[in-house]
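Try each task before you read its solution.

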Amino acid sequence: MQTVKIPVSIDPIRAAASKLSYEGIVPGVQLKRLNELCAGDCSDVAVSLECGVDIQGIVYLKGKAVTELTLICQRCMTLFTTEVTVDFCFSPCGSEAEIDELPDAYDPIECNEIGEIRLHQLIEDELIVAMPLIPMHAEESCSKGDQDVVVGEIEPAQEERPNPFAVLEKLKSK
């Protein structure tokens, strides 16, 4: 297997029948939505993809994608890079009945009108889902570390006001 650019789209049924496998890259500049979520451009995505048919006759696309993203640490507000890795296993489905019968090991994926799957979009979706929800350095390497961060001012405690129901409490005790 040689390292090549991953095709933009493939026909999963033909690819599975031929037992195709790809090992290559998806250029990071082509992943517009992922780049919008990062502080800088994401690096090229290393992808390995295997197409086949399992013993139950289910067509599958199994693979792994790895990239480095530049994010802003939400603790110290500085840039850092982190590696994002996703493993995926999809099976093309055409109807709700097929989705219901699909084993849990596979995630359903819909083909377009000509029976193809857009691989770049699929890989980009998986990487977006795998991004950290709140990106932060490890505590050891973060300049703020485990310090408490205060944003804004805390107002002093107000004097306690009398309870408006105190009168009712007095009546109840009589």
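**Exercise 1.** In which helix is the place of V167? Then decide whether V167 is buried or exposed.

*Solution.* The model is predicted. Find V167 in helix α5, which covers residues 166-173. Next, take its relative accessible area, 57%. Exposed means over 50%, so V167 is exposed.

**Exercise 2.** Trace the salt bridges of R33. Which residues form one network?

*Solution.* Step one: R33 meets E124 in a salt bridge, 3.1 Å from N to O. E124 lies in helix α4 and R33 in helix α2, so this pair ties together parts 91 residues apart in sequence. Step two: R33 also forms a salt bridge with D125, with the closest N and O atoms 2.6 Å apart. This pair links parts that are 92 residues apart in sequence. Step three: shared partners join R33, E124 and D125 into one network. Now check the cover. E124 is buried at 7%, R33 is partly exposed at 37%, and D125 is partly exposed at 29%.

**Exercise 3.** Which backbone nitrogen lies 2.8 Å from a polar side-chain atom of N35?

*Solution.* Go to N35 in helix α2, residues 32-37. N35 is buried, with a relative accessible area of 15%. The nitrogen belongs to C42.

Key
Residues are numbered from 1 along each chain as its sequence is written. This is a predicted model: local features need pLDDT of at least 70, side-chain atom pairs count only at pLDDT 80 or more; totals for chains, interfaces and linings use all residues. Side-chain values use heavy atoms; hydrogens and water are left out. Helices (H or I, at least four residues) and strands (E, at least two) are DSSP runs, numbered from the N terminus. Buried means under 20% relative accessible area, exposed over 50%, partly exposed in between (1.4 Å probe, protein chains only). A polar contact is a pair of N or O atoms within 3.5 Å; within protein, one must be able to donate a hydrogen and the other to accept it, and residues adjacent in sequence count only if both atoms are side-chain atoms. A salt bridge is a side-chain nitrogen of Lys or Arg within 4 Å of a carboxyl oxygen of Asp or Glu.
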